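Here is a briefing on one protein chain. Please read it with the coordinates open.

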Amino acid sequence: MSRHLLFAAPAAAVMAAATAAYAHHGWSSYDADNPMRPTAAVVESHWGSPHGSIVIEVEGQRWDVVLAPVSRMTSRGLAEADIAVGQTVTVHAYPRRDGTRELRAERIIAGGKTVELR
């Protein structure tokens, strides 16, 4: 019986990790048919794992913006200072289908440059 438990525990861990990864990267929950391109000041900024993010204020409403992993942003020329609080950015992004004020950014214009995030 202990042999079965030794197999079951690693298998369960693999399944849980795969489910979490799928849920985190469920891009189908964003509406690619209705892109948005807001230009706004950054009011919050996170430069870290699993990906960067910012909060912008658009017409009095705060929007969470999901960016790319830090390694990708850095390799494509986006610096942490480019998305710091107070900086003005334009994001080319897709809104969530469920109405939550969250955007998945495809590209960002920040610090005088356009950076592809996907």
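I108 lies in strand 5, which spans residues 102-110. The model is predicted. I108 has 0% relative accessibility, so this residue counts as buried.

- I108 touches I54, L67, L78, I83, V89, T90, V91, K113, T114, V115 and L117, leaving out residues up to four places away in sequence.
- I83 is one of these contacts.
- In soluble globular proteins, nonpolar side chains tend to be buried together.
- Beyond four places in sequence, L67 contacts H51, G52, S53, I54, M73, I83, A105, I108, L117 and R118.

**Strand pairing**
- Strand 1 covers residues 39-46, and strand 2 covers residues 53-58.
- These two strands pair in the antiparallel sense over four bridges. They form a hairpin with six residues between them.
- Within this pairing, E44 stands opposite V55 of strand 2.
- Strand 2 also pairs with strand 3 (residues 61-66), again antiparallel, over six bridges.
- I56 has W63 in strand 3 as its bridge partner.
- The hairpin of strand 2 and strand 3 has two residues between the strands, and E59 takes a positive phi near 50° there.

**A40 in strand 1**
- A40 is in strand 1. Its relative accessibility is 6%, under the 20% cut-off, so A40 counts as buried.
- Outside four places in sequence, A40 is in contact with I56, E57, V58, Q87, T88 and V89.
- A40 and T90 are 50 residues apart along the chain, yet their C-alpha atoms are separated by 6.5 Å.

**H92 in strand 4**
- H92 sits in strand 4, residues 88-95.
- Is H92 buried or exposed? H92 counts as buried, because its relative accessibility is 16% and the limit for buried is under 20%.

**Salt bridges**
- How many salt bridges does a search of the whole structure find? It finds eight.
- R107 pairs with E116, and their closest N and O atoms are 2.8 Å apart. R107 is partly exposed at 25% relative accessible area. E116 is partly exposed at 39% relative accessibility.
- R96 forms a salt bridge with D98, with the closest N and O atoms 3.2 Å apart. R96 is partly exposed, at 23%.
- E57 and R62 form a salt bridge, the closest N and O atoms being 4.0 Å apart. E57 has 38% relative accessibility and counts as partly exposed. R62, with a relative accessible area of 42%, is partly exposed.
- Salt bridges link E44, E57 and R62 in a network.

Key
Residues are numbered from 1 along each chain as its sequence is written. This is a predicted model: local features need pLDDT of at least 70, side-chain atom pairs count only at pLDDT 80 or more; totals for chains, interfaces and linings use all residues. Side-chain values use heavy atoms; hydrogens and water are left out. Buried means under 20% relative accessible area, exposed over 50%, partly exposed in between (1.4 Å probe, protein chains only). Contact means heavy atoms within 4.5 Å. Two strands pair if DSSP finds at least two bridges between them. A salt bridge is a side-chain nitrogen of Lys or Arg within 4 Å of a carboxyl oxygen of Asp or Glu.
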